Amino acid sequence: MTTLNDEIKSGLPQGEAARRNVASRRRTGAIWRTIFLSATIIGLIALSLLIYNVVNEVFGYVATEYAVDPATLSDKPIDELNKDELVAVLQDNMRANAFRTLERDKPMADRSESEVYDLVIERVLKPQTLETWTLRDSWFNKAAIDAQVASEFPEAKLEFRSWLTAGFLTTPMSSDPLRAGVRTALLGSLWMIAITILFAFPIGVGAAIYLEEYATDNRFNRIIQTNINNLAGVPSIIYGMLGLVIFVRTLEPLTSGRIFGADSGNGRTIVAASLTMMLLILPIMIINGQEAIRAVPLSLRQASYGLGATKWQTIWHHVLPNALPGIFTGTILAVSRAIGETAPLIVVGASTFIVTDPDGPFAKFTALPIQIYNWTSRPQPEFAHIAASAIVVLLVMLLSLNAIAVLLRNRFSKRG
Amino acid sequence: MDDKVSIGMDSRRITTTQRETTRPFSLKRQPRLGESIIQGFLLFCGVLSMFTTIGIVVVLGSESIAFFRQVSIVEFVTNTVWSPQIDEFGILPLLLSTLLTSTIAMFIALPTGLAAAIYLSEYASSRARSILKPILEVLAGVPTVVYGYFALKFMTPVLKAVFGEANVNIYNMASAGLVMGIMIIPMVSSMSEDALSAVPRALREGAYGLGATRLETAIKVVLPAGISGIIAAFVVAISRAVGETMIVAVAAGAKPTFTFNPFEAAETMTGHIARISGGDLSYASIDYNSIFAIGLTLFLMTLGLNMVSRRLVRRFREVYE
């Protein structure tokens, strides 16, 4: 016994050497621990940088100059004019046709004073953006900005502006970044998502039920399962190409609404985009749904069968209600994927410039991510500001969806 | 009490007498129309995914055949110029920039993601996990077009500041690749963490019992045991990078260029598909057919990678009781 122990000991470091060995191993351990931790922190840093970069562009100083000098419009400063005087200014300084169009959209009598004031600014004074600054510059280099404005644009008005305003949400797209908004894009995204859910939810849940409750372990069902797993890994742009050929071109009479009497010219409509998105999120929804259904205890089903329920009665009254929170969570996650997807929409042919609200499933449309892509691609710095503002809108939408998912999960997991 | 019993006896007698005259109550499975219809619908839902795959293969295949009638496959895979205006259709420049951006992304995502997974599964307290995991989940949920913005408006200026204004193009593969790497970190870390967490506790305790440090346990015991899942995560990450569209469409450039220099602008396969189909595209043109040939190449690459990943998992999986 002692000889064996001695043999083992002779191969191992002894005394001082052993202490040094342990100490150095501990040191290596501590170094790597720091490395592992910093790798995890990289995510946090990246997220903060991303948010910082977006917010940095959303606020900041803007130097604008009116195309027409306000002093030439009236004897009084325009801030002091009352509504009738403002209307008069409008009438005097706009082409008659343009004024009639405004009058037709909404009579001047029905417009409030501030609305008319905004019209005067927009249609008569026509502010031009000369230069914009980021939040960081506005904060730390105010003096330099003042000096630059004073020397380069002595006529200009310098004001601190948030590019993301309530007006940004409610005004349609415009080629002028000062007046552009995301109304059309937001509505387009909401329409698209609503229709996507309408199709994807029943089919996704149905497929999940089939695979978990009905499918026996045979070759056919194994192929279906493998196929769904493979589809989840197909790049989204491929779905876009599938949608382009199948929904936009082949099913054009259906997706352009011609057979429903609402012809929109071609198949590049909300329905086509929604169906494409449906195919894209179905694999995710099915896989999440399967997990939720699998988590329902077998004893529930057996109790139901024991009382004489049929298979569908068991599923409808016992399995589904218990799996529903999980299914909802999975659906929300899939939907938030669909809201942020851009590539398939580009391929399916979402419009990049459109000012009319979508009025139904067969309308031409644009979507938030498309708008962000479009604005990001423009070289002029003003567009970076509105791209950033649109990103904030999109991220807030996604975060609130995810918050709902987390709440659902917590609320129902406690009950079970 | 007696009444009830007699009634029970009575009814039983009735059924026994009836048995001779009417059909006996059958315990055999009965056809139920409603149930069959429902089951049929559910089967349809399940099979729909097959149609999706068939649809993808048929659509990409048929349009590609139309393309390959005009351009030989040999030219497609060997020509280093992609320029539809002068009838040059070589996929190599697009493929090269896809591979370059993906490689850069993997240099970021794989080590960082794996290290984060090791930290989360082997080191982090449950408190730290509850803070760090949601952050990674948020990062995974950010839409790719936002990452594109981040690449163009943040990463490119940083690269310009570090490597010199003149050396870095405003659109370049490096910035797209780096940001793509950041985007993929959460995916690698969450899949790898699942693989590491699945390793039984007994293995770790055995290692500690033999005097191993935490690091030695993690690297020499847990990591090899979970290697199949980790490799699968890596392969899926590569396939994700190859198929990523918006970051490269925004930040990598809009001209197919055959270059190995990551600071040059070069369009990737996905970027090219997005740009061409985003414009006014005539369905009868060879441009239209050509994006399907690229799409087919892309589809086969990602499908191959996903299948490799599944095979690797099955091959190297260690089964523990």
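This is a predicted model: local features need pLDDT of at least 70, side-chain atom pairs count only at pLDDT 80 or more; totals for chains, interfaces and linings use all residues.
Biologist: How far apart are the end C-alpha atoms of residues 131–150 of chain B?
Modeller: Residues are numbered from 1 along each chain as its sequence is written, chains are lettered from A and ligands numbered from 1 in the order in which they are written, and side-chain values use heavy atoms, with hydrogens and water left out. The span is 90% helix and 0% strand, where helices (H or I, at least four residues) and strands (E, at least two) are DSSP runs numbered from the N terminus. Its end C-alpha atoms are separated by 24 Å.

Biologist: At which residues of chain B does UniProt place the feature "transmembrane region"?
Modeller: The entry is unreviewed; its positions follow the numbering used here, feature names are shortened, and annotations may be inferred rather than shown by experiment. One of the listed spans, residues 91–119, is 97% helix and 0% strand in the model, with end C-alpha atoms 41 Å apart. The record gives residues 37–60, 91–119, 131–150, 170–188, 221–242 and 288–308.

Biologist: Which element of chain B has the lowest mean pLDDT?
Modeller: Chain B averages a pLDDT of 86, with 91% of the residues scoring at least 70. Helix H4 (residues 92–123) of chain B has the highest mean, 94, and the lowest, 46, belongs to helix H1 (residues 2–21) of chain B.

Biologist: In which element of chain A is confidence highest?
Modeller: The average pLDDT of chain A is 85, and 96% of the residues score at least 70. Confidence is lowest, at a mean of 66, in helix H1 (residues 2–11) of chain A, whereas the highest mean, 94, is that of H14(A).

Biologist: How much area do chain A and chain B bury between them?
Modeller: The size of an interface is often given as the accessible area lost when the parts come together; here it is taken with a 1.4 Å probe and summed over both parts. There are 75 residues of chain A in contact with 75 residues of chain B. In chain A, A:Phe36, A:Thr40 and A:Met241 lose the most area to chain B, together 10% of what that side buries. With 75% of it on carbon and sulfur atoms, the buried area is about 6500 Å².

Biologist: Which side chain meets B:Glu216 in a salt bridge?
Modeller: A salt bridge requires a side-chain nitrogen of Lys or Arg within 4 Å of a carboxyl oxygen of Asp or Glu. Between chain A and chain B the count is one. At 2.7 Å, N to O, the partner of B:Glu216 is A:Arg25.

Biologist: How many residues apart in sequence are the parts that A:Glu213 and A:Arg301 tie together?
Modeller: The side chains of A:Glu213 and A:Arg301 meet in a salt bridge at 2.8 Å, N to O. A:Glu213 belongs to helix H9 (residues 183–214) of chain A and A:Arg301 to helix H14 (residues 298–306) of chain A, so the separation of the joined parts is 88 residues.

Notes:
Contact means heavy atoms within 4.5 Å. Buried area is the accessible area (1.4 Å probe) that two parts lose on being put together, summed over both. pLDDT is the predictor's confidence in each residue, from 0 to 100.
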